[in-house]
Amino acid sequence: MLLLPSGTLARVLVNGALVVMLGEWVTGWVVTHAAAGPVARGRRTAAAAWALLLAGCVMHCAEHLSDLELGWNAAGLHALVLETAWGHAWLALTSCAAVALLFVALTDKRWVRGSLAVVAAVLVGGLGHAAADERWPLFARVVDAVHVLAMGAWAGGLAGVAWWARGVADDASVRGWRTFSRVALVAAPLVICTGLGATALRVQDPSAFLTSSWGQWLMAKSALVVAALGLGWRHKRALARDAAPAEGSLKLELATMVLVVLATGALTGSPPPGE
């Protein structure tokens, strides 16, 4: 990750932090709903994720200041943050991260952390390509927000439940995975549908799709998502036999999800064809 360009790294931090915090929330719900025991380290995990999100926001702002040849000073920040739609969204997301860190320090209520994570996911829609959509601005942001929420629930929940399941009995692990399987059954189709919707909104010049870096990154991300779907189906078949997903297969799906987050960072930093 340290070898990534600063702008891509900022996006990876933001997207990765959202996946972690949404996953922490989903994991708590899954384990509680499955009556499979408590989840440890949730508060610390959420705090670390919000800190990473805040760092990603600062790096994101620095990138835009550099791109617009504005100085890191009061005048440059005023011009970027207060006079652009991107700046308004950035200010709201950064403020949300700062408030969330305070709440995490003061309370251990999981529903508070989850609500703030949902707000952050909605605000991220103003930092991507949706912020520049002049034809369907509200619809574009809603599509992006649902995509982020679904991806966070799927990838983050997978990581959280896998971590929790390592230290519990087999019967509790199977109950937890069955509950998460129902979450993934909703989240995965939402990821695909909103991804297709976002693509339709972004592509102005279909002929340039295959030759653009945006199109190439999108195809790479799509291939990874398809691979994750295949592995998820394999895990669902294991649950039908009253067996928890195999550790090797889980590690492979988790690695695939990490690559999806990296590809998303590169994708959101590339201009769609025709722009």
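Which pattern does the protein follow when read along the sequence?

1. The structure under discussion is a predicted model. Read from one end of the sequence to the other, the protein follows the pattern α-α-α-α-α-α-α-α-α. The secondary structure accordingly comprises nine helices and zero strands.

2. The overall dimensions may be considered next. The protein has a radius of gyration of 19 Å, and the globule rule gives 19 Å for 275 residues, so the protein is as compact as a globular protein of that length. Taken along the principal axes, the box filled by the C-alpha atoms is roughly 60 × 50 × 35 Å.

3. The student may then ask how much of the chain is hidden from the surface. Of the 275 residues in the protein, 48% are buried. The accessible surface amounts to about 13500 Å², and carbon and sulfur atoms account for 68% of that surface.

4. Contacts show how the chain is brought together across the sequence. When contacts between residues at least 6 apart in sequence are considered, 74% of them join residues at least 24 apart.

5. Charged side chains are the next topic. The protein carries 20 positive and 16 negative side chains. The centres of these two sets lie 13 Å apart.

6. Arg178 is placed in helix H7, which covers residues 170–202. Once neighbours within four places in sequence are set aside, Arg178 is in contact with Leu239 and Asp242. In sequence, Arg178 and Asp242 are 64 residues apart, while their C-alpha atoms are 9.4 Å apart in space.

7. How many aromatic pairs does a search of the whole structure find? The search finds one aromatic pair. This pair is formed by Trp177 and Phe180, with 5.9 Å from centre to centre and 80 degrees between the planes. The arrangement is edge-to-face, because the angle of 80 degrees is over the limit of 60 degrees.

8. The position of the pair in the helix deserves a remark. Trp177 and Phe180 are three residues apart in helix H7, and therefore about one helical turn separates them.

How values were computed:
Residues are numbered from 1 along each chain as its sequence is written. This is a predicted model: local features need pLDDT of at least 70, side-chain atom pairs count only at pLDDT 80 or more; totals for chains, interfaces and linings use all residues. Side-chain values use heavy atoms; hydrogens and water are left out. Helices (H or I, at least four residues) and strands (E, at least two) are DSSP runs, numbered from the N terminus. The radius of gyration is taken over C-alpha atoms; the globule rule is 2.2 Å times the number of residues to the power 0.38. Buried means under 20% relative accessible area, exposed over 50%, partly exposed in between (1.4 Å probe, protein chains only). Contact means heavy atoms within 4.5 Å. Accessible areas come from the Shrake-Rupley method with a 1.4 Å probe; for residues, only the protein chains shown count as cover. Lys and Arg count as positive and Asp and Glu as negative; His and the chain ends are not counted. The place of a charge is taken as NZ of Lys, CZ of Arg, CG of Asp or CD of Glu. Rings of Phe, Tyr and Trp (its six-membered ring) pair if their centres lie within 6.5 Å; planes under 30 degrees apart count as stacked, over 60 as edge-to-face and the rest as tilted.
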